[in-house]
Amino acid sequence: MGTPSIEIRNLCKTYHLGEVSVEALRDVTLSIGRGEFLAVMGASGSGKSTLMNILGCLDRPTSGAYRLDGEDVGMLSRDALAGIRRKKIGFVFQGFNLLARMTALENVELPMIYDDTPSATRRERAREALRAVGILDRERHLPSQMSGGQQQRVAIARAIVNTPSLLLADEPTGNLDTATSAEIMKTFQGLADERGITLVLVTHETDIAQYSKRIVRFRDGMIVSDNPVGPR
Amino acid sequence: MNLYAASKVAYRSLRANKMRSILTMLGMIIGVAAVIAMVAIGAGANERISAQIASIGSNLIMILPGSTTSGGLRSGFGGVPTLTMGDARAIGKEIPAVGLAGPTIRNTAPVVYGNQNWSTIIQGVTPEYFQIREWMVVGGRYFTAAEVEAAAKVAVLGQTVSNSLFGEENPIGKIVRIKRVPFTVVGILEKKGQSPQGQDQDDVVAVPITTSQKKLFGSAHVGMVGVILVQAVNGDSVKDAEKQVVDLLRQRHRIGPGQEPDFSVRNLSEMLAVAEASTRIMSLLLGAIASVSLLVGGIGIMNIMLVSVTERTREIGIRMAVGARERDILLQFLIEALVLAVTGGTIGILVGVGGSWMISKFAGWSTMISTGAVLVAFGFSGAVGIFFGFYPARKASRLDPIEALRYE
């Protein structure tokens, strides 16, 4: 598989809350291949959100190395991290996090505004992304005019519009009913299979994790198990 | 993010909170309008003073008689006539820095025409007087040097007197009576308006000085005159002329060194320059007070931007997550503040111009809108936007994306 998409080694993250320090990640080492679909599971406080933040370049580790596509991004500046997020990483959140005053199309265009993509190209690529997740017919709708599943599709379109190499999904089905959750998870599977995007999914629902190919479990900031998902 | 995209984002978010944006702008509108109106009032007052200076006559020196001591009784300036026709003639002829010199005698008497009468100032003057005061006739003519020589009974009327006695009628060639002496009206003077002291300069009748002395107000002091008006040849020679006049008169009146002179010299242009300077200070003060309201407007912008940043913490988090750099966020909020300030400033300019117009229309104050003040107000409102927008914008750009995304 060549260089792995994500390679983290001896990663530690310690938060200082006044006099108490909390070790959110303790010496985590993990390698994720290109195009792999990985689910991270664990109770709240197990360190999985911290891992997501570091993988998503929203936060920096206290110590240890993080390589994304072979590039050491662990200690980059805030602006450099913003650049990595824009070009290489897509986020999908539990609460969708769409901008309420913008239409679906404009929301998907958002990441491209920050690298000065010409507006015609922006529009075209945003439409493509919306088509890929099957929601192009709602391009002029505001988030408030769409169902949860539709909003999450728009969020996925926004995450993939800059053709990232890594897609991070934090409890993406947490606010959705079972049927919609299944549709969203199929969409994710399709993206991993067809586009070769590395996908890291955080969930605490076992049946959602079953859509992935590999499940990593966290407890107290450490990996306690790392198993491939058997064929269903 | 480029400026265009940032402006679009700013415009949308301002529109989303219309009421709040308008109220915030109101602060700027009031501030800028106040500055424009105050400066316009100040400039108008200044302009008026300049016009009054011009109406008095340029490079003017006044020589006042008086301040003699007789029998231990000192009279103030203008109290006792001490100047003579000879003094006026000598000043006009002997001093190179002096262009014209005109003696005057001022008295008050009723003027009668038909069944109308009007108590007014009778100025006994020579033709130089009209030149020194730069006072044109709008009808008829001045009287001549020959008429002065002959003490002719001719009169030139000021506008106020002409209107009061004649109304619509043409006064030229008519006979008016001053102290029962009949005078032929030969000319009407143009309107001068108010003097800097607020007197109506048109409420006057000019007659030859000799006629005034011999036929109207014959007094114990034969050949004496009141005030002598002197015009220097140009603006630079006013000081010289003033000094030479003093020297000449001291010599003619035989006033030794150290003795108090029996006349006094006043440089009117100088007095008015002082008046002008004080008006300028007044208008500066007005502008400064108005600038305070501009400052308050700026603080309003800062306040609302801080609220906006807090309210939109999550939006900022989302933008950062999809790859916005610090400066993208900074630019977005800075432009938002700038749009508020400059839009408010532009409306303020319109309100200020309209307000100044209303003030001059309804309050009767003269106002003058200067392009400079408008440009400064516009530039200043932009500067206020950047200055007071910077802190909130920086605060937004420094947010931690994780915290911001978690914000409810």
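Student: What do the buried residues of helix 3 of chain B pack against?

Tutor: They pack against strand 4 (83–84), strand 5 (98–103), strand 13 (224–225), strand 14 (228–232) and helix 8 (238–252) of chain B. Helices (H or I, at least four residues) and strands (E, at least two) are DSSP runs, numbered from the N terminus. This is a predicted model: local features need pLDDT of at least 70, side-chain atom pairs count only at pLDDT 80 or more, and totals for chains, interfaces and linings use all residues. Residues are numbered from 1 along each chain as its sequence is written, while chains are lettered from A and ligands numbered from 1 in the order in which they are written.

Student: Which residues of helix 3 of chain B are buried?

Tutor: In this helix, residues 85–94, they are Asp87(B), Ala88(B) and Ile91(B).

Student: What puts them on the same side of helix 3 of chain B?

Tutor: Their arc around the axis is only 100 degrees, so they share one side of the helix. The arc is taken over the directions from the helix axis to the C-beta atoms. On the other side, Gly86(B) and Lys93(B) are exposed.

Student: Why does Ile132(B) count as buried?

Tutor: Buried requires 20 or more other C-beta atoms within 10 Å of a residue's own; 12 or fewer is exposed, in between is partly exposed, and C-beta atoms are placed from the backbone. Ile132(B) has 24 C-beta neighbours inside 10 Å, so it counts as buried. Ile132(B) sits in helix 4 (residues 128–132) of chain B.

Student: Which residues does Ile132(B) touch?

Tutor: Leaving out residues up to four places away in sequence, the partners are Gly57(B), Leu60(B), Leu100(B), Gly102(B), Leu229(B) and Gln231(B). Contact means C-beta atoms, placed from the backbone, within 7 Å.

Student: What span is expected for helix 2 of chain B, and what does it reach?

Tutor: The expected span is 1.5 Å times one less than the number of residues. With 39 residues (18–56), 57 Å is expected; the helix reaches 56 Å from first C-alpha to last, which is close. Gly57(B) follows helix 2 of chain B, with a positive phi near 115 degrees.

Student: How many residues of chain A are in contact with chain B?

Tutor: 19 residues of chain A are in contact with 18 of chain B. The largest share of chain A's side, 6 residues, comes from helix 2 of chain A.

Notes
Two residues are in contact if their C-beta atoms, placed from the backbone, lie within 7 Å.
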